[in-house]
Amino acid sequence: MRVTVLGTGAADGVPQPFCRCDTCADARARGQVRAPGGVLIDSTLLVDPAPAVGAAAARAGVDLSQVTTIAISHGHADHWDPAILLFRQWIADGNGPGALPPLRVIGPAAVIASAADWVAPGGSVEFLPAVAGGCWQLDGLNLRAITSTHGLVSAPGSEADPVAAAAVLFDVRDAHGTAVLYAADTGPPDADLLGDVAGASYDLALVELTFGASGPTTAGHLDHATFPRALAELRRVGAINADTDVVAIHLSHHHPPAPELHAALASWGARAVADGTTLEPLAETAPRAADTLTSTTNRTTLVTGGARSGKSTFAEQLAGNASDVLYLATGWPRGALGDDDWDERLAAHVARRPSRWRTREWSAMSPADLGAALTAAPPGSTVIIDCLALWLTRLIDAVAGWDEAAGLGTGSAAATTVTDGCEALLAGLATTAAGHVIMVTNEVGSGVVPATASGRFFRDQLGRVNARVAGLCSEVYLVVAGRALPLTAPYQEFHG
Ligand SMILES: [Zn+2]
Ligand SMILES: [Zn+2]
């Protein structure tokens, strides 16, 4: 299932346009915008289209022409803007190439009633009222409306908001059994909600987290106190488990700045993604890419950058939610050599990797085997090599190549070893059946010329390896200060 999270922001988004708090300042400095947007599933199901859904879809690289169902959780303006029906009608009326498929609009009765005014009479739009328990068989997807507690009131006896009280959440499944929970907006789960999701074992749970650790909160939303408790309840009834990708959505500026928010979410077994992120949840029972030779995409990515630039983290993010990841770690424990700092960094890398990833540590392989490891990678799998600089170091180590007296020029044992290793790596890249190979390397050539012959040799060899590997890659990124810059294909600007 392909789930594009078009927007991860609450109604007023992050940064809040009128606010200069630390969180809003941090978001502005990072250029990170969280806006309401909704979720697009398998191109055909659009959940909670917010007013800016068109721009959000364009930024995410998708269009809405295949949408056959719009599902609306409730009528609050950050979840539903009926003008989308008008914009769609302009194309359906024949003002664009190709006919649009018929459309169903599913949502609480009051929302459906007012939405119908936006469609010309006799149009091919069907309006279906939703209450918790309702089920619809869509194109390749099953949609079920489940209980929301968005209508909970904070003070006993205070007046309930009828729009929030009519809210539903959604359970979406595909033919393979992949199951997704869309839980916005809602307060803490009650017995009805827990009953609706018990035993669901969601592969992906999009759960609202509107409010923070302090500051305003309401009973009809989740905050830093109620969100982890809600997840604990969902775990208790088997709605989510250790394999569920729990993603917080409907985020506001009441949260701490991004690094603290990510740390808090990680401690609760959840995470946040950027607006426009596409997630690919997959049920255990669904056919894996590895089962079908035809599905290999052969995407190759090189991530280069300086020390501690964030390149490894970025490479791991590129792997996304891939289920079949082979991690080739070229770092090796050096504690025996007294380099404890090195071991700590390695341990931090290992701890960050999801437990479902298979890791092959370098100590178990010969450095010349990197190309062979690529050739042997399972079809359709994702392979991460971190990193080529350490691999090159070990390759040269293996021939005692740092001995300047032995010579480092063309034809030397060290130079031949590097050339052979590089050829084997390129051959592995050219023949691998892996779906996505992600390689991390170091950018070492920009500083002063190293004082030693071995230092210059290493710098030059790594520069050549990087350039040759990049030549075979479909994408190359330069990571600087935690930001990843996509580098254009060679001479792209000249070829148009
Ligand atoms: Zn709401
Ligand atoms: Zn909302």
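Threonine 304 stands opposite threonine 441 of strand 18, in a model that is predicted: local features need pLDDT of at least 70, side-chain atom pairs count only at pLDDT 80 or more, and totals for chains, interfaces and linings use all residues. Residues are numbered from 1 along each chain as its sequence is written, chains are lettered from A and ligands numbered from 1 in the order in which they are written, and side-chain values use heavy atoms, with hydrogens and water left out.

Strands here are DSSP runs of E of at least two residues, and helices are runs of H or I of at least four, both numbered from the N terminus. Strand 14 (residues 299–305) runs parallel to strand 18, joined to it by 7 bridges; two strands pair if DSSP finds at least two bridges between them. Strand 17 (residues 382–386) also pairs with strand 18 in the parallel sense, over 5 bridges, and there isoleucine 384 stands opposite isoleucine 438. Because 7 of its 7 residues are buried, strand 18 is largely enclosed by the rest of the structure. Buried means under 20% relative accessible area, exposed over 50%, and partly exposed in between (1.4 Å probe, protein chains only). His436, Ile438, Val440 and Asn442 point one way from the strand, while Val437, Met439 and Thr441 point the other way.

Met439 is also among the residues with the most contacts inside the largest nonpolar core, which has 50 residues. Such a core is a set of buried Ala, Val, Leu, Ile, Met, Phe, Trp, Tyr and Cys residues joined through side-chain atoms within 4.5 Å.

Attention now turns to the metal. The zinc ion (ligand 2) has Asp78 (OD), His79 (NE2), Asp185 (OD) and His250 (NE2) as protein donors, at 2.0 to 2.3 Å. Donors are N, O and S atoms within 2.8 Å of the metal (3.2 Å for Na, K and Ca); water is not among the atoms, so sites may look incomplete. This zinc ion (ligand 2) lies 3.6 Å from the zinc ion (ligand 1), and aspartate 185 coordinates both. Histidine 79 lies in the loop between strand 4 (69–71) and helix 3 (83–95) and histidine 250 in the loop between strand 12 (245–249) and helix 8 (258–267), so the pair ties together parts that are 171 residues apart in sequence. Both histidine 79 and histidine 250 are buried.
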